[in-house]
Amino acid sequence: MHSLKSFIAVLFLLLVSITSCSESDQSSKQASDIEKKINSILSKMTLAEKAGQMTQVGIPAICVQEGYWAYADTLIIDTTKLRKALTEDHIGSFLGKGYFPPTNKEYYDMINQIQDFALNETRLGIPIVYATDAVHGAHYTAGSTIFPHQITMAASWNPERVEKMAEITAYELRASNSPWNFAPVIDISWQAQWGRIYETFGEDPYLTSVMGSAFVRSSQGDDIANPEKTAVCLKHLIGYGSSLYGKDRKNALIPERYIRQYYLPPFEEAIKQGAKSVMINSGLVNSIPCHVNKFLITDILKGELSYEGIVISDWGDMQFLSEFHKTAPDHKEAVRQMVNAGIDMCMVPYDASFAHHIIELVIEDKISILRIDDAVRRILRFKFELGLFDQPNTHYKDYPDFGSDKFAQESYKGAAEGITLLKNEDVLPLNNGKKILVTGVAAHSLNYLNGPWTKTWSGQETTYNDNEKNTILEALINHNGASNTQYIAGTSYDSDINTIEAVKAAKNSDYVIVCLGEQPATERPSDIKELYLPEVQRSLVKALKKTGKPIILVLLEGRTRIISDIVPMADGILMAYYPGHEGGDAIADILFGAVNPSGKLPLTYQKHAAAPMPYIHTVSDRADNSGGYTDYDPQWPFGFGLSYTNFTYDTITINTAELFGSDTLQVLVQLSNTGNRVGKEVVQLYLRDDFASLDPDYERLIRFKKVELQAGETKEIEFFLNKKDLDFVSAANEWVIEEGSFTLMTGNRMDVVKTAKFEYQTNSL
Ligand code: BGC
């Protein structure tokens, strides 16, 4: 009997290995077939056709409209412009939409018309590739599922939530006939003022790597030709989130050591998962515009990381180089600089001038044809891998789940798991049937829930809102009844509306829920000069406090705007970030206790406008002269978040105090739910190198796990570490591991820290 079992097991293994061998044989055959086809097309292409493939233009450029720069408001293709774009300029890629969010039928018709022309009326019949920004769901298609922004998804600390978001976004984007998503954003944000923090997974390289890779895997699947999958675009390489003065597309000063240790790993991980495209940061690092940084694009990305996909510019960077960054006196020189640095495709965005400059530069021998062929090869490979030669369009009728309730449920789960409880002085959850006043700029607005990149770029337009979705007020009424729930606006983003009336109403209420917020804005318009939330919003809270009624703050904001003066006045505080279409319901469910909050901050909640600091900083950065640890003084630290139950960190234990060579260290954290309801906790493991040749980081996240515990339950959470977790980038810009003592830390990120120490030696025992 025993030998029969062994025989069956061997047979099974043999079969598995034969299948996987044949699978890998098949995929390498497919790859070599694609290379043959690329060679054949490339050999027939003229220089102009190659230059056109490298050019991406915005759809308004070929639409019926007055003037080149005006936004299209019809999306009706102008056939003369289309003919010129495809037969004279040989444009290979389009992006975007008009001002309004088109339906998936409108996308289908428009893209299909371009594809038809490209396949049937151009000399080589190369399909175009269409790109769309879908950074929190397919938010540029009417009726789609709008997810929370990435920062909320990161706050869930649950990669499964991100996988669902990426999966549904890919499906709905394909339902919009677009196979290429300009997402995820895997910049890390170390500049508290930066206006695009909400688009990121926060400030930590490890959390960003885990979430970014989950997004890539789920969006692309095993095969991007699958009509339910889309190619991703990792953006923006590199340092966009750390400009020196906190503004959009400006200079960041980042030592190479930091680039390698903190900024690059999320890109590296996502590339290992097979990410097919990378977009370059429109800003500068160490005064070099990233778009002309050959060391970054060619040596590091394409060389060291062996990245084989497309490198695309950001919007209008040819122009930026000469008009803002001033490395090039004219556009032609800008093109020379960017293509020679390694850019394969330029988002021009409104004409074919980029392609025309390329032709001249190659003829003048200022760009080699080898560089052009490399770029075009990558672009053609991308189109073949996307299956566009065989299936140039995907039809909305094949996507019955588009905008479905079951997808909305997944968006809800992201919001419900991400929203973070920051303060609770025995006020939450609320009981039904009490008199509540709901006030504040974000209380009755879908725009403040969805944030920017929703229907329109800025997300401020209300015309296209899906009004069947609940605002916070509407969701609260569903719980508490209209007769018990009063609404007074209070203020707009930055001016008073009727604070006095709100105060009067508060006097007759049992609780006051104040929904403060940051007006949706992105890129340049999201730049701020003041990190404090506008004074008028804080004054509303101060005036309400005088009534003596319990106050609950709900924060709808894209970065951590400072509220240090009103924190002591609030009994409860909920950080909702931009929680998306289902955010109103998720907030109300948390406030009334239907959901036990489990979000944790994926970034430091800043307290001091003059001294914002990310949680990754060196031991010296944090220490004062007397050896105490005082300088990291956030409002709430990275990784913090409360629950309606209590979690106790009982112990942290390791299987050895001496780790050798490539051995594995087992870490066990014992956690108990000592409260009275089921809840989820994110167990976080941090590491400190106690002594190193460089001032070591005070702490660095190296593992985390989200677990659910019943009331009264105790669990052991197991982590495994190895020497790779101990390394850092040395002064010589190389990853090194130094022997010595290390400290592991876990706890609630506030007053409980459990530690374990071990020694590492490079030699094996
Ligand atoms: C943004 C990118 C975006 C691109 C296309 C740029 O301005 O920086 O993140 O993908 O526009 O819309």
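Proline 349 sits in the loop between β11 (346-347) and α13 (353-363), and the peptide bond that reaches it from valine 348 is cis, with omega near 10°. Helices (H or I, at least four residues) and strands (E, at least two) are DSSP runs, numbered from the N terminus. This is a predicted model, in which local features need pLDDT of at least 70 and side-chain atom pairs count only at pLDDT 80 or more, while totals for chains, interfaces and linings use all residues. Residues are numbered from 1 along each chain as its sequence is written, and side-chain values use heavy atoms, with hydrogens and water left out.

**Backbone geometry**

- A cis peptide bond also joins lysine 235 and histidine 236, with omega at about 5°. Histidine 236 belongs to strand β5 (residues 234-237).
- Lysine 326 is not a glycine, yet has a positive phi of about 60°. Its place is the loop between α11 (317-323) and α12 (331-341).
- Lysine 326 is exposed, at a relative accessible area of 60%. Buried means under 20% relative accessible area, exposed over 50%, and partly exposed in between (1.4 Å probe, protein chains only).
- Serine 306, also not a glycine, has a positive phi of about 50°.

**Helix α10**

- In helix α10 (residues 294-304), the residues Leu296, Ile297, Ile300, Leu301 and Lys302 are buried.
- Viewed down the axis of α10, these buried residues fall within an arc of 160°, so they line one face of the helix. The arc is that of the directions from the helix axis to the C-beta atoms.
- At the start of α10, a side-chain oxygen of asparagine 293 comes to within 3.2 Å of the backbone nitrogen of phenylalanine 295.

**Surface patch**

- Leu244, Tyr245 and Leu253 make a nonpolar surface patch of about 350 Å². Patches are made of residues with over 30% relative accessible area and no salt bridge, with like charges joined within 9 Å and nonpolar side chains (Val, Leu, Ile, Met, Phe, Trp, Tyr) within 5 Å. A salt bridge is a side-chain nitrogen of Lys or Arg within 4 Å of a carboxyl oxygen of Asp or Glu.
- Leucine 253 is in the loop between β6 (251-252) and α8 (256-263). Leucine 253 counts as exposed, at 52% relative accessibility.

**Aromatic pairs**

- The whole structure holds 23 aromatic pairs. Rings of Phe, Tyr and Trp (its six-membered ring) pair if their centres lie within 6.5 Å; planes under 30 degrees apart count as stacked, over 60 as edge-to-face and the rest as tilted.
- The rings of tryptophan 180 and phenylalanine 182 have centres 5.2 Å apart and planes at 75°, so this pair is edge-to-face. Tryptophan 180 is buried at a relative accessible area of 0%, and phenylalanine 182 is buried at 1%.
- Tryptophan 190 and tyrosine 258 form an edge-to-face pair, with 6.3 Å centre to centre and 85° between the planes. Tryptophan 190 lies in the loop between β4 (180-181) and α7 (205-220) and tyrosine 258 in helix α8, so the pair ties together parts that are 68 residues apart in sequence.
- Tryptophan 190 is buried, with a relative accessible area of 18%, whereas tyrosine 258 is partly exposed at 23%.
- Trp157, Tyr206, Tyr615, Phe638, Tyr686 and Phe704 are linked into a cluster by ring pairs.

Conventions: A polar contact is a pair of N or O atoms within 3.5 Å; within protein, one must be able to donate a hydrogen and the other to accept it, and residues adjacent in sequence count only if both atoms are side-chain atoms. Accessible areas come from the Shrake-Rupley method with a 1.4 Å probe; for residues, only the protein chains shown count as cover.
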